[in-house]
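Dear colleague,

I am handing over the structure below, and after it I set out what was found. Please read the notes with the coordinates open beside them.

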Amino acid sequence: MAETMMLGNQAVARGLWEAGCRFVSSYPGTPSTEITEYVSEYPEVYAEWAPNEKVAVEAAVGASVAGARAFSGMKHVGLNVAADPIFTAAYTGVSAGLVVAVADDQGMHSSQNEQDSRHYARAAKLPMLEPSDSAECLDFARRAFDLSEAHDTPVLLRLSTRVSHSQSRVTPSERQERERRPYQKDAGKYVMVPAAARVRHAAVETRLTALTEVAETSAFNTVERHDKRIGVVAAGIAYQTAREALGEKASYFKLGMIWPLPEASLRAFAAEVDTLFVIEELDDFIETHCRKLGLAVQGKALFSPLGEYTAEQVRAVILGTEAPAQTPAAIPGRPPVLCPGCPHRGLFHVLHKMKLTVTGDIGCYTLGASPPLSAIDLCICMGASVSSLHGFVQVRPEMAGQTVAVIGDSTFFHSGITGLINMVYNKSHGTVLILDNAITGMTGHQQNPATGLTLQGVPTHKLDIEALCRAVGVGRVRVLDPHDLAEMEAALREELAAPEPSVIVARRPCVLLPYVKRETPLAIDGPNCRGCRACMNIGCPAIRTDGRVMTIDRSLCVGCGLCARLCRFGAIHPEGEQKA
């Protein structure tokens, strides 16, 4: 087939399809989300969004054991959630091939931490492949299934933001249709009671030895010989950065299999070059392995463990060239803020006004922490808002009436529900606000169990949030319109005074959903504006000031009217309705 350009994530999806993958279950998370969205366009592959990464991997394991090639994709923090089934799937092995992709986010473009997922491969004793461009994304995704089946193991595919979201050339192929493998009942292999697990642990160690031989000989790892005064060991996007920086002034040992790492071939490469460098973003994973082999190697003593590298930085360190001076950005910084017209902006204004302590969660609503709303006090990970509310009020019961948790609808299904069960079970006090915007917002509008639609947009059962909360034992559940600020404040005072767990579902759809109608943009009536700046307190990016005069950018305003409700002088009206 003709060569074409693809995003890295798109190429992974193509590789899954070409490999005959039949089942995909994932949870959206930048920078991995598009893999599952692209693969859902292939009718031969069943693809779904799961409530969280643990469920997604468990479903994929079930599909693999049933005989179909299966895949699950997630971002790096999602791997923490999925770690439980992954570590045991390393013991059970697979039937048909099983591939799990994890996308790290060096530089934290959209993440709460900068973890290095390669450690999971070593800890779980699983093979990990790491492509460096879209062509390898396709090729490695496809070949990962063969590796999985040949060695009876799940295979981890590590991506990064730059590889996932960059385009480069690929040459697609046709799909290799795979018949389902026959299901074979085998409790000794798939039921991990201690007696069986002890046997399987031995199999895992034997498999790891065999995979080390693969690392020595397979085409996943390659050597490029140029100037032998400098040798570089690198993988993934770090290889691309090193190649751009050094060109043919260095020779390269390019690792495509990042675990297990080869030993003999690394020693042979080190013997060929005068000075050996390891270039790897984040932790000293490869460098530590090289030092364990007794190789004289330079790495993190020269390079930062933080963030992404640039070619200029690598060139400056290794070649001694002067890095170009950093010039100030020509445009002002733009901190992330809630969208203009976000239906839940007013809620954060109320929380701030009431001076409540707020345990927050991952997603759009983390942005409620930014000034001027400044409404979030704690944010750890998906679902943690509810659990941390419980811990907070248990040790500070005197603050139970002043502390709430805020969580989005999708995040509540991901792992907030278990925290709510814990609150009920352990007789906690505190109010949980579920901000239902009828979609998974931050990752780009993916469906979830409460939208009533599947990944493909097919109607399905729509989860009733209120009924779910009542079912786990919450006696006080109410639904409010977050645009009604007075009712929201009154409801908060009432629920916080109740000596039991309570839930307020604040329900309005995301303003960016296509069916949400935009109202007439608002404008500020200059003569009536007193310059009190109350409208600025909600942090709407559509409202601007030159320090003296307030204006509303009609290209951003959706006419939600929140600013008008906060103006005590009646100076904000729909455009064209200003007072004379």
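Contact here means that heavy atoms lie within 4.5 Å. Please bear in mind throughout that this is a predicted model.

The axes of α14 (residues 345-353) and α18 (residues 485-497) come within 10 Å and cross at roughly 50°, which makes α14 oblique to α18, and the crossing is a right-handed one.

Elsewhere there is an open sheet of seven strands with mixed pairing, in the order β3-β2-β4-β5-β7-β6-β12. Because β3 (46-49) and β12 (257-259) stand at the edges with a single partner strand each, one side of each is left without a neighbour in the sheet. Helix α3 (residues 53-65) packs on this sheet, where it touches β2 (23-26), β3, β4 (70-75) and β5 (98-104), and its direction makes about 165° with that of β4. Within the sheet, β6 (residues 128-129) and β7 (residues 155-160) pair in the parallel sense over two bridges, with M128 standing opposite L156 in β7.

Finally, P574 lies in strand β23 (residues 572-574) and is partly exposed, its relative accessible area being 26%. Leaving aside residues up to four places away in sequence, P574 touches T520, P521 and L522, whereas P574 and L512, which are 62 residues apart in sequence, are 20 Å apart in space, C-alpha to C-alpha.

Notes. Residues numbered from 1 in each chain as written. Predicted model: local features only at pLDDT ≥ 70, side-chain atom pairs only at ≥ 80, totals over all residues. Heavy atoms only, no water. Pairing = 2+ DSSP bridges. Helix = DSSP H or I, 4+ residues; strand = E, 2+ residues; numbered from the N terminus. Axes fitted to C-alpha atoms, helices over the stretch in contact; angles between N-to-C directions. Buried < 20%, exposed > 50% of the residue type's maximum accessible area, 1.4 Å probe, protein only. Parallel < 35°, antiparallel > 145°, perpendicular 65-115°, else oblique. Left-handed = near helix turned anticlockwise from the far one by under 90°.
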